[in-house]
Amino acid sequence: MSAPTSLTSSPVQLHAIDGPGQPTPSAELEELYRGFEKELLVPLWTEIGDLMPAHPQSKAQPHLWHWDNLLPLAQRAGELVPVGRGGERRAIALANPSLGGRPFASPTLWAAIQYLMPGEDAPEHRHTQNAFRFVVEGEGVWTVVGRDPVAMRRGDFLPQAGWNWHAHHNATDHPMAWIDGLDIPFQYTGETQFFEFGREDISDGERVTPDRSRAERLWGHPGMRPVGVEAPAGGTPLLAYRWENTNRALGDQLALEAEGFPGVVEPGHAAVRFTNPATGSDVLPTIRTEFHRVLSGAETAPRHEVGSSVYQVFDGSGTVTVGTERWTVTRGDMFVVPSWQPLSVRSEAGATDSDSGALDLFRFSDAPIFEALNLHRTHVGGTNQ
């Protein structure tokens, strides 16, 4: 397909070209193409290179957002932009530079920094989009999911399946920021989304600040599930995965490696996946979430994967290579890995920039979507392009 050669009201624009796999241009072929345009038809032979490439060709591009640039802008938004009906959330989305200015980190994933001022409430609502919150620094906000107050602290991962009522309240005298991840672009493209306003205000009983939510008291015991209640459909019933458990799991993997036992992904690279305690599956039907720890001096093998990922540096520093892009990253920085772009990470963390002495990375991806459709594929090492 090429630029139109004549004015027409049809959105289909075809032009005969002399090239490999194309029919020989002629007046008769041009006449055929005008008939196709009139009837809104597109022949596969003009499109196959775009529609059926040898491997995924993402419309997104690798990109890095620096936390030191994001946080001051969120703080300024806190001073200027109210939270309430209409805007609903003071959430500022990452826009991939190749996606036309849409607030999408990738064609399937949304990532945003959200900011709540002291004493503020983000009003209750629900939506079909699956969501989570991840805290890279700070504490003091409680998210209230299904009237269950859940504390948010540094390193905590808080998933929330679609169509659950939720609100937030800041119970402290200082602001707090965190990142949101949702499948908004996926549902937007599929035209499946619903949204509904909830109550204007949460109750006094929901303004309490318990150390553990009801969901954690039921579902937060390793290897055990309650017998007296059924897990809700649609996603994990556990509303908070606490940093102390994640940190211990990663540390234990690396300690076992040092003792000569298996457990790590590759030398110096530990990883855990957050799972639904009722089913063992991913926490959300469209989003996979993981935590990775790379020891200082270690480098991961290049990895290609169908589908896209967004990473946030939780701790440490290092060098990240995505496709032809190469960046130095530090705490809070976020980057996107488009479909089938190779990713490798080298840890340069030390005692001055990392509590663990390693590069810690939080990751979320759209892998469950493509696994369900039997379209997921990975390749580690080499280029395979």
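Colleague: From which element does the largest share of the lining of the largest cavity come, and how many residues is that?

Modeller: Strand β14 gives the largest share of that lining, three residues. The model is predicted, with local features needing pLDDT of at least 70, side-chain atom pairs pLDDT 80 or more, and totals for chains, interfaces and linings using all residues. Residues are numbered from 1 along each chain as its sequence is written, and side-chain values use heavy atoms, without hydrogens or water.

A search of the whole structure returns one cavity of 30 Å³ or more. The volume of the largest cavity is about 100 Å³. Its lining has 13 residues, and R303, E305, S309, V337 and R363 are the closest to the centre. By class, the lining of the largest cavity holds five nonpolar, five polar and three charged residues (nonpolar: Ala, Val, Leu, Ile, Met, Phe, Trp, Tyr, Cys, Pro; charged: Asp, Glu, Lys, Arg; polar: the others, Gly among them).

On a 1 Å grid over the protein atoms alone, a 1.4 Å probe fits in a cavity but cannot get out, a pocket is an open set with protein on both sides within 12 Å along at least five of seven lines, and lining residues have an atom within 4 Å of a point.

The largest pocket has a volume of about 930 Å³. It is lined by 29 residues, with P56, Q57, S58, S339 and F370 closest to its centre. Helices α2, α4 (184-190) and α7 (367-372) each supply at least two residues of this lining (helices are DSSP runs of H or I, at least four residues, and strands runs of E, at least two, numbered from the N terminus). Of the elements, α4 gives the most to the lining of the largest pocket, four residues. The class counts for the largest pocket are 14 nonpolar, 11 polar and four charged.

The second largest pocket contains about 670 Å³ of space. Among its 25 lining residues, G220, P222, L238, Y241 and N245 lie nearest the centre. At least two lining residues of the second largest pocket come from each of α5 (214-219), α6 (243-258) and β12 (269-273). Here α6 gives the most, with four residues. The lining of the second largest pocket divides into 10 nonpolar, six polar and nine charged residues. For the volumes, grid points are joined across faces, edges and corners, and the space filled by probe spheres set on them is counted.
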